[in-house]
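Please read these notes with the model open beside you. They take up the ligand and its surroundings, and then one of the sheets.

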Amino acid sequence: MKIVIIGGGVAAFEAANAARKFSFEAEITLVSNEEVLPYRRPALSGLLADFKINEKAFFIKPESFYEEQRITVRLNTRCTAIAADHVILDDASVVPFDKLVIATGGVACRPPLPGADNKNVFTFRTYADLKKLDAALKNVSSAVVIGGGVLGLELAESMLKRNIKVTVLEMMPRIFAGKLSETESADVEAKLAEIPDLTLKFGVKVKEFTSAGAVLEDGTLVPGDIIICSAGSRPALGGSAELPVETGRGIIVDAMMRSSCENIFAAGDAAQFGDRCFGLYNDARTTGMIAGTNAAGGNEIFSPVTATPMRCFSFGLKLIMP
Ligand SMILES: Cc1cc2nc3c(=O)[nH]c(=O)nc-3n(C[C@H](O)[C@H](O)[C@H](O)COP(=O)(O)OP(=O)(O)OC[C@H]3O[C@@H](n4cnc5c(N)ncnc54)[C@H](O)[C@@H]3O)c2cc1C
């Protein structure tokens, strides 16, 4: 049996690992458009502070693991089309499969505003983004972060460690609105107000990006040499313009991570289960494992946890928000 897995994140890794555990014979191929082996994506924001990689902590498994487990890994390779029994890759190769797992994760959202494609505007999702931003930050003394969520604060903390002044812009009226009460938000904001070189502005909307910074709807310029959009992500649907599977926001799956096409499974941030798109590391691990096992002939079922808590540990905060 040929099992192909598209993606190079934790869901793809878990799918490959689980497929091998279930089937000794399966031919397993993992195709990733990243230049490095699957790694722990949440570590990226901390690495922006100094880009010193501890390989053992960063990579999910070393190269030798894939060799031992007979998992063929094709890096720097993008899937460009998906059919019911084969995929096409950007080197024009056609790869047939008996079962496919789509684990293509998410794409960082770039607000559709004038200037969003300027050279000084960045998003942050992948190792390649980390490399690009790390290089850009070498010539920068101030930055604007769009989005005051957990990731926005992590990026701000890393840049402050590089002596870059940071302004975080958040359109909600207070920090973690919807997760914290007004009093709790006020306490957190008071703690953050004590951090030197960090400015947080709430209830503000950006209307444009320029080379000088972000322009708010009232015309105020928030100056910054660089702008990083940390405004959420959306599922990446496999790199194919047309898919042989039903999609909503993500690839629609059942509790066995099966799509509407019998040979195709999806997992992680790319998948949609009921009205839920996952967006969290542990969900990607679990659903990847289920998709890989079932692609190899297993019978695993996802039991959804109602709500995974949101954690924020930046700036010494210890917030676990249900
Ligand atoms: C900086 C950062 C910090 C985070 N921190 C946390 C946290 O603290 N806690 C938490 O729970 N979650 C966190 N997340 C979210 C978490 O990392 C994701 O939910 C998780 O990585 C999803 O795993 P995945 O394998 O589904 O997708 P991804 O990790 O996004 O992997 C998808 C992979 O597929 C590849 N790919 C995409 N399209 C193609 C294609 N056409 N062909 C080939 N390859 C393709 C991508 O390059 C990528 O390697 C964070 C995310 C980021 C970016």
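1. How far is an oxygen atom of the ligand from a polar backbone atom of Leu280? The distance is 3.2 Å, where a polar contact is a pair of N or O atoms within 3.5 Å, and within protein one must be able to donate a hydrogen and the other to accept it, with residues adjacent in sequence counting only if both atoms are side-chain atoms. A backbone N or O atom of Gly279 lies 3.4 Å from an oxygen atom of the ligand, and for Gly8 the corresponding distance is 3.2 Å.

2. This is a predicted model, in which local features need pLDDT of at least 70 and side-chain atom pairs count only at pLDDT 80 or more, while totals for chains, interfaces and linings use all residues. Residues are numbered from 1 along each chain as its sequence is written, and side-chain values use heavy atoms, with hydrogens and water left out.

3. An open sheet is formed by 5 strands in the order 9-16-10-11-12, with parallel pairing; strands are DSSP runs (E, at least two residues), numbered from the N terminus, and two of them pair if DSSP finds at least two bridges between them. Strand 9 (121–123) and strand 12 (198–202) are the edge strands, each pairing on one side only.

Technical notes:
Helices (H or I, at least four residues) and strands (E, at least two) are DSSP runs, numbered from the N terminus.
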